[in-house]
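Hello,

Here is the structure I promised to pass on to you. Please open it first, and then read my notes beside it.

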Amino acid sequence: MTVRGAEGPGRGTLPPRAVPAEHPAPLPARLTAPAPAWRSDFPILSTTVRGKPLVYLDNAATSQKPRQVIDAISAFYAGANANIHRGVYDLSERATGAFEEVRLKTARLIAAESAEEIVFTGGTTSAINLVAQSWGRSTLRPGDEVLVTGMEHHSNLVPWQMLCEQTGAVLRVVPVTGTGELDLDAFDRLLSERTRIFALVHLSNVLGTINPVGELVARAREAGAVTVVDGAQSAPHLPVDVQALGCDFFAFSGHKLFGPTGVGVLYGRAALLERMPPWQGGGSMIATVGPEHSTYAAPPARFEAGTPPIAEVIGLGAAIDYVQQIGLPAISVWEHELLARATELVAEVPGVRVVGAPARRASVLSFTVDGVHPHDVSAVLDDEGIAVRAGHHCAQPLMARLGLPATVRASFAFYNLLEEAEALACGLRRVREVFAA
Amino acid sequence: MSALNELYQNVILEHNRSPRNYRVMEHGNRRAEGNNPLCGDQLTLWLKLADGVIEDVSFQASGCAISRASASLMTTVVKGRTEAEAEELFDRFHRLVTGKLEQGESETLGKLAVFSGVSEFPIRVKCATLPWHALRQALAADASRDEAPAS
């Protein structure tokens, strides 16, 4: 997989953008429309919808899968399937080896110190619930505070609400500004020695805002809080270095990273994982089991009760290989160019309002069309083969802050084309025609 | 006609732009909220029910064209009907939008037949039926009180 040269279609007229400061990984020369080189790896991208070529712009909901991932899962079931960590036979040993190799790959992907800091979960949601119910429930006392932000996906909000109800802790929320960024002055006011946990989203699934995670995490840790980063949206789009971010926990999903559904990752700092009680009990997570008491395995096994999603982990491994071959720095540069151009094109359509204007943004573009409900926008775009999301995006508190019941959201991946951004703008003009808005 | 044009027929677009009976009802005796938590559509429905007859009906809503137009058209067809007639209409309407109507039955639906295109878009069935569910809820809401002897 190589990056195309500097000549090519779709060269934007935008000024070069600054590379996000938190991601110091070396960047290749500026890219121009490299996506076609990668598209052919994704079988679904050459299908049609309602008679039109599929334009898939709902990557924030889930990403498409390259043939390499589909084949890896298929090959595992066809030739290597066995349960892991138990069978004393060749097939099981091979399955175990392949499974554990993905743990190492995952650790490398996000620059964890060791593979033991990687816990496989069902997804981002279960990863965050694990932290809340294990670390949170065993340490929080009435009057302690959990600090979240006003731009969280419900998956990084509801688990903390539940935890506060269970422990008597108090939930505090960092407000969001009119541009769709965190109110940093308010953050400083809300952070105190009572703050035991600070949980925040790295990249907003509604606005695309890239939060200054490193800076906020450093301040929160200084105040004595444990920090939890929801990386569901950032992991597929930005280079992530958990040690550089400085966070204690980082959660993401396989299916948004071009891997299968049903598998997610919780990175946890080793020193913390070791002190945490298990969340779910069962097979694989024990050291010894007596009739009345059991002792528990060391992390990460302590947090992986029962048979894990083995084939899904294998598929995630193939997805990580695929992404690493292209390189997340290259991906983020291309997507940045694509998003900037798409934002321009969409904003040029009369009646279209882009929601939020954060200084640093990736992958996600939310907007409204005057006089037309987002569902109706989505239905007309669907008729053009364009898949976008319409609704509240599982972020109702943020939508309330924005004063919008719903938005249309187009979210891009590295395989999207400038032509697809143009198709979106064209589709929006048709929306205006259909509704005579 | 494409599936999209079938969905957004002119009557629907027109009712979306200028919904009928779109107002708060001051002297109604029933009220229900309808909402679709998955998409955030919200609707409030007011009824004035007397002796089992819908004397007046009104609504206000934030939602897509299909749910607004469906609410608007619903208010125009159920006004003056009995509870039983409204229930019967809902049954046919529901079968219309889910593609389960018997041949020839759509003619009995009158204006509501413009929603036939919804059956091609299963995800929009909830939008079209949201006001109807609110109506049934409003009709059922105070039934026990109505049946109780006046005091």
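This is a predicted model: local features need pLDDT of at least 70, side-chain atom pairs count only at pLDDT 80 or more; totals for chains, interfaces and linings use all residues.

Residues are numbered from 1 along each chain as its sequence is written, and chains are lettered from A and ligands numbered from 1 in the order in which they are written.

Let's start with strand β9 of chain A, residues 249-253. Strands are DSSP runs of E with at least two residues, and helices are runs of H or I with at least four, numbered from the N terminus. Five of the five residues in β9(A) are buried (20 or more other C-beta atoms within 10 Å of a residue's own, with C-beta atoms placed from the backbone). Phe249(A), Ala251(A) and Ser253(A) point one way, and Phe250(A) and Phe252(A) the other.

Which strands are joined to β9(A)? Three bridges join β8(A) (residues 226-230), running parallel, and Val229(A) stands opposite Phe250(A). Five bridges join β10(A) (residues 264-268), running antiparallel, and Ser253(A) stands opposite Gly264(A).

Next, helix α14(A) covers residues 418-434. Among its buried residues are Leu424(A), Leu428(A) and Val431(A). Ala436(A), which follows the helix, has a positive phi near 45°.

Finally, 12 residues of chain A are in contact with 13 of chain B (C-beta atoms, placed from the backbone, within 7 Å). Helix α12(A), residues 374-383, gives the largest share of chain A's side, five residues.

Best wishes

Key. Two residues are in contact if their C-beta atoms, placed from the backbone, lie within 7 Å. A residue is buried if 20 or more other C-beta atoms lie within 10 Å of its own, exposed if 12 or fewer, and partly exposed in between; C-beta atoms are placed from the backbone. Two strands pair if DSSP finds at least two bridges between them. The expected span of a helix is 1.5 Å times one less than its number of residues.
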